[in-house]
Amino acid sequence: DQVCVDLEQYNYPMDIGSLFAQNAPVEIEIGSGKGTFILNHAKAFPDKNFLGIEWANKYLLESVDRICRWGVANVRLMRTDATDFFRCYLVDESITVLHLYFPDPWPKKRHHKKRFFNLENLIQVHRVLTAGGIVQTATDHRDYYDVMCEVVALPEIKARFNLIDFVRSPAAQGGEYVGSNFERKYIIEGREINALALRKKEL
């Protein structure tokens with residue numbers, strides 16, 4: 001099976017389950033980087049399917065190589081814009097968990113609109129999550145975390161999600177949430193890591 005998905009071969013909306021050999025719940029990681037988290041998570045949960053979305057081609061190729069070397073069958077990776085993918089390609093109630101770890105904070109004010117964690121995108125996430133579906137996110141960027149908390153406090157989001165405890169990855173070591181390369185680097189640098197988790201409410 002092809003690990004790297006060429007989105008141009010698919011019409012939208014798409015049946016995300018058709019990307020995988022097994023019929024199983026699908027979880028998505030936005031910004032899968034070099035693939036550390038998604039590889040470890042897929043090995044820990046072989047009865048689930050995982051799709052990693054990564055825009056940086058260098059990281060995507062590295063993670064494809066890593067998944068292929070390990071022979072992990074329940075991971076697919078693609079290069080696409082996550083906002084467009086959620087809005088155009090994903091059908092209602094098609095994924096069980098969204099993982100969003102150490103997303104690009106776009107620190108310059110004029111770039112803030114590029115941040116994934118915003119009102120419009122979370123409404124789309126609510127749409128594509130199955131009943132009781134979960135959003136898990138972590139960041140080393142305090143300003144972005146504060147914005148996330150502001151978004152979560154908006155009436156439109158409080159109507160759609162409950163705040164819940166973050167479930168640490170099985171690969172996470174002492175003090176870690178995710179166990180990714182970025183997280184380990186940031187902890188060594190002494191950066192504070194903040195995590196947040198949401199569960200879909202039924203409207």
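Which strands does α5 lie across, and at about what angle to β8 does it run? Helix α5 lies across β6, β7 and β8, running at about 25° to β8; angles run from 0 to 180 degrees between N-to-C directions, with axes fitted to C-alpha atoms, for helices over the stretch in contact.

## About the model

This is a predicted model, in which local features need pLDDT of at least 70 and side-chain atom pairs count only at pLDDT 80 or more, while totals for chains, interfaces and linings use all residues. Residues are numbered from 1 along each chain, and side-chain values use heavy atoms, without hydrogens or water.

## The sheet

Eight strands form an open sheet with mixed pairing, in the order β1-β4-β3-β2-β5-β6-β8-β7. At its edges stand β1 (4-5) and β7 (161-164), each with a single partner strand, so one side of each has no neighbour in the sheet. Strands (E, at least two residues) and helices (H or I, at least four) are DSSP runs numbered from the N terminus, and two strands pair if DSSP finds at least two bridges between them.

Let's look at β6 (residues 129-139): eight of its eleven residues are buried, meaning under 20% relative accessible area (1.4 Å probe, protein chains only). Six bridges join β6 to β5 (residues 95-101) in parallel, with Leu 98 opposite Val 135. Another six join β6 to β8 (residues 194-200), running antiparallel. Leu 98 is also the bridge partner of Ile 28.

## The core

The largest nonpolar core has 37 residues, of which Ile 28, Phe 85 and Phe 86 touch the most other members. Such a core joins buried Ala, Val, Leu, Ile, Met, Phe, Trp, Tyr and Cys residues through side-chain atoms within 4.5 Å. Its largest share, five residues, comes from α5.

Technical notes. Buried means under 20% relative accessible area, exposed over 50%, partly exposed in between (1.4 Å probe, protein chains only). Contact means heavy atoms within 4.5 Å.
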